[in-house]
Each structure stands twice: as structure tokens, then as C-alpha cells.
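Thanks, everyone. Please have a look at the model.

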Amino acid sequence: MKTNYWVVDNVDNQVGSIEEAARLLKDGQVVAFPTETVYGLGADATSDEAVRKIYEAKGRPSDNPLIVHIAEKNQLQVIVSEIPEYVEKLMDAFWPGPLTFILPKREGLSTIVTAGLQTVAVRMPNHPVALSLIQKAQLPIAAPSANLSGKPSPTLAKHVMEDLNGRIAGIVDGGMTGVGVESTVLDCTGDTPMILRPGGISKEELEEMVGTVLVDPNLVDEKEKPKSPGMKYTHYAPDAPLSIVDGSPEFMQKVIEQFRLEGKRVGVLTTEENQSFYEADHVIVCGNRKDLKTVATHLYDALRSFNEQSLDVLVSESFPNAGVGQAIMNRLLKAAGHRVIKE
Ligand code: TXA
Ligand code: MG
């Protein structure tokens, strides 16, 4: 399949490209587009046939439901059957933005989108290209992250090209995404909301608006079964095995030296503050610790770029488990298959 490619850096000046991409979506095709978190792989959420193509292109297990993306609140009417008051409050505070709500679904939506569940995931992305594309298509758009299943999510159009060129109808290139980690998935089917996946909006930010917010026990203890189907799959792993080092930079350098004594080529993921501590075969600087949002922004590109070097092992610093640090550590631990080397 030929994959169309449009560069859109200004929505108002490039309406023609957005319209072409929207036409493909209306036609039941799959198109990748930027959101503020990561690139999404979109298709008409009301069409079984269109949604099936997303699963095929990604190689995604069919028991893993998709997020439905909307551009206006009135689109909710055909997607969800009820909205608790605290959800209204959170929508007003954080939409458009990196927050996904799990709510009871309305009959009539593609059952493939929800993988047969009685609930549906819905979010309004905060990106001009995404919003304009959804508006032009006049459809709710089902979209997972636009990577092959198991790979780090794409934060640049070139990542989407690497994974899906020839497998989808088009890619809208809107530059680097921004937030860098996916949306927070919040289960709102009970009286108290529960975070199923940490993401762009932190637990602290949610609690400021609605009081207590629970956390899926699986996020604290990996032996617990996750409540979100997608969280059970391995994800984000670079080609070389990654370990998270929980300790000082001096300790991490000792770990690196030990690997190198074994004849291994070592890649390091660090931050601006600590880069000068390390001597290794390849060092990637991923944001700075003073502002963890910068680490989130560059994390997936860093994980992907290790694959361009021939490295035998990778080590990463760890990050404080607060604010967006919760999402960063969740993704890093998954990428590392939960291998942690403690000082
Ligand atoms: O930021 C994002 O959320 C990106 C952009 C493209 O919007 N999308 C994204 O989609 O990360 P995906 O498919 O890669 O992750 C969606 C997560 C999965 O873990 C899935 O299992 C979960 O949401 N999910 C979807 N519907 C659900 C439901 N009804 N109940 C529980 N979890 C659900
Ligand atoms: Mg994903």
C-alpha cells in the first residue's frame, strides 16, 4: 500500500492536506496523525471494518480496546451512556488534553473498538492537527498509539514511518508531539476515579480537582492483574536489554564499568545534569531533572535511538515517582521488563 505523507505545520495554511487525510478516514482507511501526547493511528470509530484495519496494521491483540477521540463535547452523546458529575468537572479542567475517561458505552459503537467490553475510553486531544482532522472527518476517531505493537510510542512522524510505512493509507506529519508520554487513563465507572495508566495528567493534578483518586493496584505491585487490558502487554522495549539503576551516578558508572569488563557495549540514558558522570559506548541525554516534563518529551525518541547503535546492554537512571515522573517510571520499568539494579 502507498502511504500518503503530508507535512502540516500550520493548520490554517494547509487545510487541503487535512481535508485529504479526512477524506481517507471517511473512506474507512487508517491515517496516522499527531496529538499532544504521541502520534495516533486513526480510523472511523463507528465502522467495524475500518477499526479492524488498525489492529491489522499494528499487529495489536484484539482483546486490547482503543481510545475514541473527539473534537467537541457533543460527540459524547453517541459514545457514552452516562457522565458522572466529577467527570464533567475533570473534562472542564483538562480537555482538550492528555486525559482519557473510561465510561459506560452507548450501544451502536463498533464492538471491536471496545474489544467487547461494556465500557469505552474517550479523550479530546489538545493538538490543532488532531482537532481539525476529527472536525473535518465529522466522525469519532478510534486511535491507539501509531507504533507496531510492543515498540515505543511515536513522538515524531519518522517513528511512524519506521513502523508503519506501506501498512497504512497516510501520515500527517505535524512535528514533535510535546507531552511525549500517553494520556492518563482514568476509570470513571465507580464513585471514585481510578488511574489505570499514569500519563500526561498527574494524580496530584486530578486530586486537586476532585479529591481522592485511586490507583490500580497493578501499578504499585506488578503481580496484581491490571484492570486495563493494554497494561498486561510488554511494551516500549529497545532491542538491547535495559536495566534501571536505582542509585547515585557514581554507582551507575560502576555498573557500566562492570558490563564493559564483560566485553559488552553499553548505552546510557541520562539527563543534562548527570551526563558528565558517565563513560560508556553511547550516552543519550533525555531532558533535565529540574523539569521532568522535558524527560517525558524525549523519552520514546531516546529509547528508539538506542536501536541505531549496536549496543549489548542499556542502563537508565531512575526518576522520582511524582507528577509526570509516575508515567516516566511506569514506561521505563515496562521497557526494562522490571529489571532494577539497586545501590
Ligand atoms: O495519549 C494517548 O492516549 C494516545 C493518543 C494517540 O491519544 N493513545 C494511546 O492509545 O495511548 P493506546 O491504544 O496505545 O492505549 C490505550 C490504553 C490501552 O492500555 C487500553 O487497554 C486502554 O487504554 N483502554 C482502552 N479502552 C479501555 C476500556 N474500556 N477499559 C480499560 N482500559 C481501556
Ligand atoms: Mg500504545
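One definition to begin. A salt bridge here is a side-chain nitrogen of Lys or Arg within 4 Å of a carboxyl oxygen of Asp or Glu. And please keep in mind that this is a predicted model.

How many salt bridges does the structure hold? It holds 15. I'll go through a few.

Start with Asp-163 and Arg-304. Their side chains meet in a salt bridge, at 2.9 Å from N to O. Asp-163 sits in helix α5, residues 157–164, and Arg-304 sits in helix α9, residues 292–305, so this pair ties together parts that are 141 residues apart in sequence. Are these two buried or exposed? Asp-163 is buried, and Arg-304 is buried too.

Next pair: Arg-289 and Glu-317. They form a salt bridge, and their closest N and O atoms are 2.9 Å apart. Again, distant parts of the chain are linked. Arg-289 is in the loop between β14 (282–285) and α9, while Glu-317 is in strand β15, residues 313–317. The two lie 28 residues apart. Now the accessibility. Glu-317 has a relative accessible area of 4%, so it is buried. Arg-289 has 28%, so it counts as partly exposed.

Asp-92 belongs to helix α3, residues 85–94. Lys-73 belongs to the loop between β4 (67–69) and α3. That puts them 19 residues apart. Why does Asp-92 count as exposed? Because its relative accessibility is 58%, and the cut-off for exposed is over 50%. Lys-73, at 35%, is partly exposed.

Now the nonpolar side. In soluble globular proteins, nonpolar side chains tend to be buried together. In this model, the largest nonpolar core has 67 residues. Which of them touch the most other members? Leu-41, Trp-95, Leu-99, Phe-101, Ile-168, Leu-186 and Leu-206. Helix α4, residues 128–137, gives the largest share of this core, with 6 residues.

Let's zoom in on Leu-186. Leaving out residues up to four places away in sequence, Leu-186 touches a list that includes Leu-90, Leu-99, Phe-101, Pro-193, Leu-206 and Val-213.

Definitions and conventions. Residues are numbered from 1 along each chain as its sequence is written. Chains are lettered from A and ligands numbered from 1 in the order in which they are written. This is a predicted model: local features need pLDDT of at least 70, side-chain atom pairs count only at pLDDT 80 or more; totals for chains, interfaces and linings use all residues. Side-chain values use heavy atoms; hydrogens and water are left out. A nonpolar core is a set of buried Ala, Val, Leu, Ile, Met, Phe, Trp, Tyr and Cys residues joined through side-chain atoms within 4.5 Å. Buried means under 20% relative accessible area, exposed over 50%, partly exposed in between (1.4 Å probe, protein chains only). Helices (H or I, at least four residues) and strands (E, at least two) are DSSP runs, numbered from the N terminus. Contact means heavy atoms within 4.5 Å.
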